[in-house]
Every structure is written in C-alpha cells, then in structure tokens.
Amino acid sequence: VDVDVGCARMHREERVCARCLKPGEDTGIEALGRCWHPKCLLCASCRRPVGGELFRAAGGVAWCARCHVRYQLAVQEVKTHW
C-alpha cells in the first residue's frame, strides 16, 4: 500500500481528513488516494484504526492484516463455488 506519512495534501489549503472532514495535521497519512488522520483510517471489517500499522487495500478500502486474510479466504471461497 502506498502510504505517505505527513500527507502533503494535509499541508495545503484543502487540509481535510477523508473520514471526519476535519482539518489535517502534520501526522496525516495518504492512503487509498486520499488523506486521513491515523485514527480515522479504519479497517473495513473490524473498524479498528489501521493508520498506525501495516494494512492492505482491497476493494477500495483498508483492511488490517488479520481481516485481510479473512477477506481473501472469503473471496477464494466464492470463486471456488462460482
């Protein structure tokens, strides 16, 4: 996942987080083509913040490592039964 710590977009005029829409800060990150506060970038499944850890992007959303494995297994199961 392409992550830019200190998201350059958060340092410009449109300094808003993609989730909370509040002004950015120096610790903002860029992921999924948008900027986020680390606490606002959530796992699509368990909803835990993933901004401060390694995460995966799939289906246009962020996944923590544990949930990403479950997501991949579910996708494989669907493909196998289809």
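Predicted model: local features only at pLDDT ≥ 70, side-chain atom pairs only at ≥ 80, totals over all residues.
Which residues have the most contacts inside the largest nonpolar core?

1. **The core.** W36, L41, V50 and F55 have the most contacts inside the largest nonpolar core, which holds 14 residues. Strand 2 (29-31), strand 4 (55-58) and strand 5 (61-64) each give two or more residues to this core. Strand 5 is the top contributor, with three residues.

2. **Confidence.** Do keep an eye on pLDDT as you read. The chain has a mean of 79, and 78% of its residues reach 70 or more. Strand 5 has the highest confidence, at 90, while strand 1 (residues 4-5) has the lowest, at a mean of 48. The pLDDT is below 50 over residues 1-5, a stretch that has 14 contacts in the model beyond near neighbours in sequence.

3. **A histidine to look at.** H37 sits in the loop between strand 3 (34-36) and strand 4. With a relative accessible area of 5%, H37 is buried. A polar atom of the H37 side chain lies 2.9 Å from the backbone oxygen of P23.

4. For C40, the nearest cysteine sulfur belongs to C17 and is 3.8 Å away, and C40 is in no disulfide. C40 also counts as buried, at 4% relative accessibility.

5. The closest cysteine sulfur to that of C67 is in C64, at 3.5 Å. A disulfide needs the two sulfur atoms within 2.5 Å, so the sulfurs of C67 and C64 are too far apart for a bond. C67 is buried as well, at 2% relative accessibility.

How values were computed: Residues numbered from 1 in each chain as written. Heavy atoms only, no water. Core = buried A, V, L, I, M, F, W, Y, C linked by side-chain atoms within 4.5 Å. Buried < 20%, exposed > 50% of the residue type's maximum accessible area, 1.4 Å probe, protein only. Helix = DSSP H or I, 4+ residues; strand = E, 2+ residues; numbered from the N terminus. pLDDT = per-residue confidence, 0-100. Contact = heavy atoms within 4.5 Å. Polar contact = N/O pair within 3.5 Å; in protein donor to acceptor, adjacent residues only side chain to side chain.
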